[in-house]
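User: I want to learn how to read structural features in a protein model. Can we go through them one at a time?

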Protein chains: 2
Amino acid sequence: MTTTDISTLGAALRAVLGDAQVISDRQELRTYECDGLAQYRVIPALVALPRTAAECAATVRACVDAGVPFVARGSGTGLSGGALPHAEGVLVVTSQMRAIRAVLPQDERAVVEPGVINLHVSRAAAPYGYHYAPDPSSQQVCSIGGNVAENSGGAHCLKYGFTTNHVTGLEVVTPDGDLVRLGGAAPDAPGYDLLGAFVGSEGTLGITTEVTVRLTRSPESVRTLLAGFAGTDQAGAATSAIIAAGVVPAAIEMMDALAVEAAEAAVRCGYPAGAGAVLIVELDGPAAEVDAQFTDVERLCREHGAGEIRVAADDAERALIWKGRKSAFAAVGRISPDYIVQDGVIPRTALPEVLRRIAEISAQRRVRVANVFHAGDGNLHPLVLFDDAVPGQAEQAEEVSGAILDICIAHGGSITGEHGVGMDKVGHMPRMYSDDDLDTMQLLRCAFDPRGLANPGKVFPTPRLCGEVPGRRRGVHPLQEAGLAEVF
Amino acid sequence: MTTTDISTLGAALRAVLGDAQVISDRQELRTYECDGLAQYRVIPALVALPRTAAECAATVRACVDAGVPFVARGSGTGLSGGALPHAEGVLVVTSQMRAIRAVLPQDERAVVEPGVINLHVSRAAAPYGYHYAPDPSSQQVCSIGGNVAENSGGAHCLKYGFTTNHVTGLEVVTPDGDLVRLGGAAPDAPGYDLLGAFVGSEGTLGITTEVTVRLTRSPESVRTLLAGFAGTDQAGAATSAIIAAGVVPAAIEMMDALAVEAAEAAVRCGYPAGAGAVLIVELDGPAAEVDAQFTDVERLCREHGAGEIRVAADDAERALIWKGRKSAFAAVGRISPDYIVQDGVIPRTALPEVLRRIAEISAQRRVRVANVFHAGDGNLHPLVLFDDAVPGQAEQAEEVSGAILDICIAHGGSITGEHGVGMDKVGHMPRMYSDDDLDTMQLLRCAFDPRGLANPGKVFPTPRLCGEVPGRRRGVHPLQEAGLAEVF
């Protein structure tokens with residue numbers, strides 16, 4: 001895009017949004033050069049800050065008319081580079097669309113704009129005894145629109161499910177610039193569930209302008225304990241025993257020794273000194289159920305070697321236990337100048353084996369790895385530590401981080417649990433999916449975005465030329481090749 | 001399709017499937033002329049009975065090569081005509097794909113072929129203490145493949161969710177004849193959630209050949225009560241009070257006087273004589289929780305005017321209570337020669353008002369309506385009674401049935417809760433969705449099925465000519481028309 005092109009598009013956007021809502025100054029643009037994944041930095045050609053759905057649609061229309069890519073961004077806290085700008089594109093920032101439009105406790109719904117902060121939804125619902133269940137560690141700053149784009153998880157998703165389970169309706173701007181509604185307030189709408197496909201599509205199918213979320217009744221009782229173990233093997237065995245006993249905790253989180261050390265250094269959360277691993281187990285629900293099951297959980301932790309078990313006596317003690325966990329990523333900055341936050345999933349049953357393999361690789365390559373994870377659903381967050389000032393360390397860390405994903409895949413897992421593919425994991429997609437699987441996904445992308453202007457370069461390793469669709473995709477059909485034998 | 005064309009395609013299918021797996025005899029074909037919605041009857045040109053995924057894919061390929069439509073059918077129990085054959089097409093029946101391939105209690109998953117009967121999954125999982133949660137009333141005969149196509153619900157979906165919440169992976173034959181996998185065993189897969197879009201797509205995006213379902217741990221305790229009320233107003237108020245108290249029952253079902261009369265006549269379930277409405281409330285979960293909440297439920301029923309309350313003392317008594325409810329549709333045949341099963345959803349809070357409106361219309365038009373429904377989630381099943389032998393009654397019943405859907409829409413509800421759009425409700429889709437909304441859904445259909453061969457004429461009122469896509473769909477963009485004002 002030439003400088004003239006940028007000026008023309010900038011003028012078109014200013015005509016629609018007003019001067020204050022369009023940024024073209026190079027220094028100001030730099031503020032937006034990355035999201036939470038700071039390894040990648042790209043300065044966008046322009047930033048647009050729409051205040052309404054109509055303005056957002058007009059912004060997309062202006063991009064389409066100019067043939068310029070656009071990338072949506074909420075609070076910019078994503079960890080896979082999903083909101084990384086395009087150097088020749090417009091970054092559409094939804095942070096000025098922050099109205100909570102309705103809280104409807106009787107219908108167990110809230111209607112919010114995409115820039116609304118995750119935690120603010122729960123705060124608005126609290127007076128009625130409700131909350132918004134998905135709780136990423138970044139919930140104090142991340143936006144609902146970004147949560148929708150990434151299908152964000154959180155510690156309590158073990159019991160309550162991911163963002164996709166808590167969004168019942170969306171208003172979105174399609175890559176054509178049309179405003180459409182997907183889903184609604186009802187639990188199940190006739191026709192295709194495009195809502196489900198849109199949630200987690202990382203900005204490649206359009207931009208969310210309104211979100212109807214399910215509100216969850218806040219539990220009568222919440223009880224939380226912190227248990228210290230000799231190592232992750234013991235803590236993992238305790239986790240399996242708790243699940244096998246039929247308990248569905250609201251959350252089971254594990255941190256290994258290095259992660260505990262980091263959290264302690266950063267926020268003084270009072271975790272057991274010298275523990276090889278800690279487990280946070282939280283139960284919620286009716287008091288009768290919680291009390292009965294909590295006794296079981298304590299017993300199972302002890303039976304699997306827990307030393308110190310601390311039960312939160314009140315909300316303040318519970319908050320302190322969670323503070324260590326929720327600040328763990330940032331806390332690692334206290335013990336290492338640089339680090340990579342990895343995100344992978346494995347079947348829960350593979351937990352001990354996978355942790356041993358990670359420890360082996362860490363030892364072999366002499367790269368420290370701190371493990372923080374949602375143990376209950378096998379969602380690992382290994383933190384790979386390095387010092388960028390030491391030549392070669394960054395590359396080594398990248399290798400170890402990639403090797404960890406390979407281990408996840410080899411154990412029947414997935415390359416991302418809740419942080420998304422974004423820019424970061426594009427190269428890993430072919431390790432999870434066949435060409436046919438990826439082609440089938442891209443059918444949807446081509447249908448929504450035949451020009452390929454919505455967040456290009458993210459999610460899919462090889463952008464399909466949409467003209468290739470439809471029709472047979474290779475010369476010979478796989479069933480013919482296989483002589484009608486099973487192809488899987 | 002000429003007779004010669006049919007013979008040619010029949011020969012091609014026999015070459016792939018074997019003689020016994022292809023039906024072309026007119027008398028035999030008649031067996032397949034309708035599904036559970038017997039108002040519509042169409043004899044297919046051919047029936048194919050594949051035994052494997054590869055055979056199913058080859059069947060679709062043969063149809064594509066011949067340019068012939070194909071319609072998938074499981075057990076044929078659907079109530080919206082989704083499996084109604086195409087007169088010039090092939091009906092692909094999956095009833096011979098009935099293997100349960102794996103039950104994996106540790107992973108809480110089972111892998112089954114599409115023809116497997118819903119209840120058989122629960123039976124296979126029972127020895128491990130698990131079951132498959134979605135339980136349509138037809139669960140003894142309906143197939144998992146059909147459940148996937150229709151996103152089937154059931155009485156226990158109030159607590160446990162619909163089919164879409166219990167399917168984590170699919171193998172499907174696309175309308176191109178490709179075998180692809182959507183999702184997997186992990187709770188969240190990277191890339192688009194095509195799985196969610198496929199579930200409930202009513203055979204218009206392809207045919208399911210393998211289903212990975214989530215298994216649900218069977219609850220420690222189940223308690224069920226039957227309460228008789230003076231009328232639906234009182235039973236509705238009790239329902240609202242139970243939900244407002246924070247109880248999430250496994251099921252809350254309501255039947256009005258006419259439905260009770262029918263059930264009693266058919267299966268002698270011993271419902272309270274003369275009750276204006278009955279409520280079935282079932283709680284499940286840990287015994288401590290269930291016992292505490294059950295006392296609350298009993299009290300709330302009494303406070304809202306329940307006369308007789310019967311608590312099931314054992315499994316046999318529970319089964320008898322459910323027998324009345326689950327056989328209610330068929331039972332209506334005892335009190336009326338013909339009837340229409342309607343299916344609509346309303347916000348639970350609109351229940352009393354909507355029931356009053358239905359009663360008014362029933363009285364005005366002199367058409368009897370029996371109400372059976374999932375009260376907890378506002379999913380109504382009005383049964384509109386008529387006698388086809390009396391001229392004009394069928395038309396009147398159709399009018400009343402349609403008017404009931406209008407009432408649902410007017411109260412913020414939906415035209416189908418769990419039976420699907422199929423053939424039956426195609427005409428109602430424009431009353432729920434704008435042209436833009438329907439166009440956006442059809443983008444997906446065109447992407448998967450540009451030739452329009454997969455179950456044509458179902459779900460969408462006006463099939464889009466797929467060549468129209470992509471690009472601006474009308475001459476003037478709605479935002480331009482609206483002068484950039486809010487378009488909603």
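Analyst: Start with a pair in one helix. B:Glu303 and B:Arg299 are four residues apart in helix H10 of chain B, so about one helical turn separates them. Keep in mind that this is a predicted model.

User: What do the side chains of B:Glu303 and B:Arg299 meet in?

Analyst: They meet in a salt bridge, at 3.1 Å from N to O. B:Glu303 is exposed, with a relative accessible area of 52%. B:Arg299 is partly exposed, at 40%. The cut-off matters here: exposed means over 50%, so B:Glu303 passes it.

User: Which helix of chain A holds both A:Glu353 and A:Arg356?

Analyst: Helix H13, residues 351-365. A:Glu353 and A:Arg356 sit three residues apart there, about one turn of the helix. Their side chains form a salt bridge, 3.9 Å from N to O. The cut-off for a salt bridge is 4 Å, so the pair counts. A:Glu353 is partly exposed at 35% relative accessibility. A:Arg356 is partly exposed too, at 39%.

User: Is B:Glu33 buried or exposed?

Analyst: B:Glu33 is buried, with a relative accessible area of 13%. Its salt-bridge partner is B:Arg30, at 3.6 Å from N to O. B:Arg30 is partly exposed, at 39%.

User: How many salt bridges does the structure hold over all chains?

Analyst: The total over all chains is 44. Salt bridges can also link up into a network. One such network joins A:Arg101, A:Glu113, A:Glu171, A:Arg181 and A:Glu210.

User: Next, symmetry. How should I read the relation between two copies of a chain?

Analyst: Two copies of a chain are related by a rotation about an axis and a shift along it.

User: Why do the copies meet through the same surface?

Analyst: Compare the two sides. Of the interface residues of chain B, 99% are also interface residues in chain A, so the copies meet through the same surface. The contact takes 79 residues from chain B and 78 residues from chain A.

User: And how is the size of an interface given?

Analyst: The size of an interface is often given as the accessible area lost when the parts come together. Between chain B and chain A, the buried area is about 6500 Å². Carbon and sulfur atoms give 58% of that area.

User: How many residue pairs are in polar contact between chain B and chain A?

Analyst: Nine, counting pairs with both residues at pLDDT 80 or more. Several elements give two or more residues to the side of chain B that touches chain A, including helix H3 (53-66), strand E9 (179-183) and helix H10 (287-303) of chain B. H16(B) gives the most, with nine residues. By type, the residues of this side of chain B divide into 40 nonpolar, 19 polar and 20 charged.

User: Now the backbone. What should I expect of phi?

Analyst: Most residues other than glycine have a negative phi, and most peptide bonds are trans. A:Asn455 has a positive phi, near 50 degrees, and is not glycine. A:Val459 is not a glycine either, and its phi is positive at about 70 degrees.

User: Where is the place of A:Asn455?

Analyst: A:Asn455 is in the loop between helix H16 (435-448) and helix H17 (478-481) of chain A. A:Val459 is also placed in the loop between H16 and H17 of chain A. A:Asn455 is buried, with a relative accessible area of 1%. A:Val459 is buried as well, at 2%.

User: Last one. Which side chain does the side chain of A:His131 make a polar contact with?

Analyst: That of A:Ser218, at 3.1 Å. A:His131 is found in strand E7 (residues 130-131) of chain A. Its relative accessible area is 19%, and buried means under 20%, so A:His131 counts as buried. Leaving aside neighbours within four places in sequence, the residues in contact with A:His131 include A:Ser122, A:Ala125, A:Leu215 and A:Pro219.

Terms used:
Residues are numbered from 1 along each chain as its sequence is written. Chains are lettered from A and ligands numbered from 1 in the order in which they are written. Side-chain values use heavy atoms; hydrogens and water are left out. Buried means under 20% relative accessible area, exposed over 50%, partly exposed in between (1.4 Å probe, protein chains only). A polar contact is a pair of N or O atoms within 3.5 Å; within protein, one must be able to donate a hydrogen and the other to accept it, and residues adjacent in sequence count only if both atoms are side-chain atoms. Contact means heavy atoms within 4.5 Å. Buried area is the accessible area (1.4 Å probe) that two parts lose on being put together, summed over both. Ala, Val, Leu, Ile, Met, Phe, Trp, Tyr, Cys and Pro count as nonpolar, Asp, Glu, Lys and Arg as charged, and the others, Gly among them, as polar.
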